[in-house]
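My entries follow the display.

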Amino acid sequence: MAILSIDNLTKNYGAIRALDKVTLSVPAKTIFGILGPNGSGKTTLLGIVMDILKVTSGSYTWAGDQTTDELRKKIGTLLETPNFYHYLSGEDNLKIAAKIKGRGEEDIDKVLQMVNLFERRKSKFNSYSLGMKQRLAIASTLLGNPDILVFDEPTNGLDPAGIAEIREIIKDLNRQGKTIIMASHILDEVEKVCTHVAIIQKGVLKTVGSVSDVLNTSVSNQVNSILIELGAADNALLKNILKQMNGLESISVDEKGIEIVCRENITAEVVNKFCFDNGVVLNKLNVKRKSLETRFLEITGKQSDR
Amino acid sequence: MLNLFKIEWLKIKTYRTFWLLFAGFLIFFPTAFYLSAYKYMEMMATSKNFQERVIKTLVEPPFIFPKVWLASAWMGGLFFVLIGMLFILLITNEVHYRTHRQNIIDGWSRMDFLKAKFSMLIFFVAVSTLMVFIMGLIVGYVFSDSNADILSGIKYVGYFALMATLYLMLAFLIAILIKRTGLSIIIYFAIVCIVDNVLWMIFSLRDSQVGYFMPLEAVDSLVPNPFKPAMFEKRTVEDYTLIIAAVAYISVYGFIIINYFRKTDLKT
């Protein structure tokens, strides 16, 4: 069953079309990534389904239900930036959020501990660092143990340890059977965390599906290729030898080693044997499957245009 | 509604600016009212020069029953702009902190947000009206004779409540439409102090009565300056027509607020 169905959604800001006939549905119990460059319309999309922005045309339904005011109380959402009363403590801010959601205050200590903010719960929000603000916002989404969570750039402003913690929390929530919708411009994040992905650019949905489907579907008229990293004691010699190999599409050298792109029938074994037969012993051989980044660039083009 | 008010109260109960402005009204209004009553009565009791004697004969004494209700309502109105400013601040703060978005994301409907703010409006009107009533009572008892007619001017307490409601509805409308704190407060003061008076002057030329129906003048005229001699009063329209006008303005402002806020994108 689809948790969220979006049908032909269009949003104009004056003359600018922020979303153009976007149609997608989010299956239950997935981690659904919405991936796109800055300004592609991710936040607009989430803003609309949370009723803080109004559609120009099209519609959406949450779990097949049209009335969304009550439903939103059961969704934990972090949209764009942490929004809190600056003069109140973290704890008091969560009390307000809990009251609006119609919950008691019994969850507050627990969610503050989950994001490591319990010791600072009495401090005013405006004394928090960027990362602490973000963690308070995530704590707020966990109030009332909702079955659906919506995160817009959840690791924004966090240090590496914080990023890892939040990703672990997200995966753990999914393991508990919760549906998570997550917008991000960080490919790595989507690849590491999400089960499904929608790629959106300039308000247009480019592709949508499970992460493995999106990765494995090739762009039409383009032969799939794989990327291999390799190295040897004498990289210049290695390069000259590789040039004679069949099935090679391109070769590039940098200080870290050599990268080759070849047809997908070339395996590590073939490369290794070829080099050894030609008198070079490899000290590094690493086959990279096509990453989301490659796919992303194939789909959106290499220019960072908006 | 009570539930919404409790949440609003959580937002402001430790907010220093709220207490500063609110206490400003609760302290300055009674103090200023009592002191001016005291000074005025002292001056009248010992009036020697010509000017003071003219005032004494032309003006019905403002600080004794029944006119003290009008004086209390009028002076309460002067200090009420503090509350107007505070109310604007509480609404534009939500936009500034983007919490108006968060409240709705967390599950309020847009109407819930407006109702919550309206519950604050009722709170401010109720507290300030109570204050006007208490000060009228105290000052009236202190300076009146024992056989004074206490209740006959008490309608002015009701007029004050109507005036306070209209002033806050205007503040509500400006804050929702303008969103920025500073600009909203400037526009509010411009309308309260300048625009409404200019409109009143233009529409009161040649003894026209239209001026009394200007947005704020309608309620201002219900609570006229108690120091103005009655013979200078040119208003001939009845109180009840002004009450109808005020209620109409309140409804129109409310309608615009609801219509706008339900359909707009909540941006900052």
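These entries go from the sheet in chain A to the helix pair in chain B.

**Ground rules.** This is a predicted model, where local features need pLDDT of at least 70, side-chain atom pairs count only at pLDDT 80 or more, and totals for chains, interfaces and linings use all residues. Residues are numbered from 1 along each chain as its sequence is written, with chains lettered from A and ligands numbered from 1 in the order in which they are written.

**Sheet order.** I took helices (H or I, at least four residues) and strands (E, at least two) as DSSP runs, numbered from the N terminus. Strands pair if DSSP finds at least two bridges between them. In chain A I found an open sheet of six strands with mixed pairing, in the order β5-β6-β7-β3-β8-β9. Its edge strands are β5 (75-78) and β9 (204-210), each pairing on one side only. Neighbouring strands are turned by 10° against each other on average, direction ignored. Axes here are lines fitted to C-alpha atoms, for helices over the stretch in contact, and angles run from 0 to 180 degrees between N-to-C directions.

**Strand β7(A).** I checked residues 179-184 for burial, and six of six are buried. Buried means 20 or more other C-beta atoms within 10 Å of the residue's own, with C-beta atoms placed from the backbone. Side chains of a regular strand alternate between the two faces of the sheet. On one side of β7(A) I noted A:T179, A:I181 and A:A183; on the other, A:I180, A:M182 and A:S184.

**Its neighbours.** β3(A), residues 31-35, pairs with β7(A) in the parallel sense over five bridges. A:F32 stands opposite A:I181. β6(A), residues 148-152, also runs parallel to β7(A), again with five bridges. There A:D152 has A:A183 as its bridge partner. From β6(A) the chain crosses through helix α6(A), residues 160-175, to β7(A), and this crossover is right-handed. That means clockwise from the first strand over the helix to the second, with the strands pointing away from the viewer.

**Helix on the sheet.** I then followed α6(A), which lies across β3, β6 and β7 of chain A at about 150° to β7(A).

**Helix pair in chain B.** How do the axes of α2(B) and α4(B) cross? I read roughly 175° for α2(B) (16-45) and α4(B) (68-96), with the axes coming within 10 Å. The two are therefore roughly antiparallel, a label for angles over 145 degrees. Among the contact residues are B:F25 and B:F29 of α2(B) and B:F79 and B:L86 of α4(B). Contact means C-beta atoms, placed from the backbone, within 7 Å.

How values were computed: Buried ≥ 20, exposed ≤ 12 C-beta atoms within 10 Å, placed from the backbone. Contact = placed C-beta atoms within 7 Å. Parallel < 35°, antiparallel > 145°, perpendicular 65-115°, else oblique.
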